[in-house]
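Here is a short briefing for a first look at the structure below. It covers backbone geometry and charged side-chain pairs.

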Amino acid sequence: MRAAIIEAPGKVSVETVPDPSPGPRDVLVKVAACGLCGTDLHILQGEFAPTLPIVPGHEFAGEIVALGTDVTELAVGDKVAVDPSLHCHECHYCRIGRGNLCERWNAIGVSKPGGAAEFAVAPVANCVKLPEHIDVHDAALIEPLSCAVRGYDVLSSTLGAQVLIYGSGTMGLMMLELAKRTGAASVDMLDVNPERLTTAVKLGCSRSASNADELETVRGWDVVVDATGNARAIQDGLGRVAKGGTFLQFGVADYATTAVIEPYKIYNQEITITGSMAVLHSYERAAALFASGVLDPAVFISDRLPLEEYPRALDRFKAGIGRKIVIEP
């Protein structure tokens, strides 16, 4: 089969590799669509993946074409979206229900061969069968949506909150859509990319700007979400949280990124600073939300490219061109 391979930091190619085969409790998925994500750029930099080379692609969906010997829950021909999370189920964090913090955390497309290929293997437990009305070529959006659902689980948002989101890429836009559905009184969006802000306006954000100083506010925002991972955005966002408010680090920053906090202000104003890591008990809910039409794939997916163009797709994504870029092997 053909697969994209990140061979070494900064080096990616598309090669012919042996066809994978499913284990007893695995299925073999013919990949219909695989989304690109900021995590893929980190892997390309040599971060996150324990070892290289690796076949990337943790946002994918497709059709089952083969079953492991012990699989009875699904059938050949079923269309599925795949939760990439691989937890050990034995460590302290898995035992307390925090598998996304697993001490032996792995993920398909991060530390195990992923969906940027013609075929991918996945445990049957990680596959969610899709309703007939869903186009499987759109279903790569379910994994990032499940991360956004997890983000809102962490926030435990109250009705009537004023929300500020840094970054109107795919993840920022998904946080916008969820904020609108979790009772936010207003959702303001910031981005230095005018094209992306145009999409945020199209999706119904309250206000948009390239800098928070352009938005009038009396007391700051109850909820501030960084969906960029950018040091300047993070630092600015920490200073925009209202008394009693919450700052969510949702975007994935480089390992070396740092920010300065003001401990007295955090204490005196009872500000919460928290993070959201990947998927936790949120994939099935994201699939249900997706099936209900919470996202418009025509708005979110800007580019659909063949597998052979995976290196170019990464370049486009790194340059901030478009929104969600999807590979269709």
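**Salt bridges and backbone exceptions**

Arginine 312 counts as partly exposed, at 40% relative accessibility. (Buried means under 20% relative accessible area, exposed over 50%, and partly exposed in between, with a 1.4 Å probe and protein chains only.) The model is predicted: local features need pLDDT of at least 70, side-chain atom pairs count only at pLDDT 80 or more, and totals for chains, interfaces and linings use all residues. Residues are numbered from 1 along each chain as its sequence is written, and side-chain values use heavy atoms, leaving out hydrogens and water.

**Salt bridges**

- The whole structure holds 16 salt bridges, each a side-chain nitrogen of Lys or Arg within 4 Å of a carboxyl oxygen of Asp or Glu.
- Arginine 312 pairs with glutamate 309 in one of them, at 2.5 Å from N to O. Glutamate 309 is partly exposed, at 27%.
- Arginine 219 bridges to aspartate 222, with the closest N and O atoms 2.8 Å apart. Arginine 219 is partly exposed at 47%, whereas aspartate 222 is buried at 19%.

**Backbone**

- Most residues other than glycine have a negative phi, and most peptide bonds are trans.
- A cis peptide bond links leucine 52 to proline 53, with omega about 10°.
- Proline 53 sits in the loop between helix 1 (38-44) and strand 4 (59-67). Helices (H or I, at least four residues) and strands (E, at least two) are DSSP runs, numbered from the N terminus.
- Glutamate 270 has a positive phi, near 50°. Glutamate 270 is exposed, at 61% relative accessible area.
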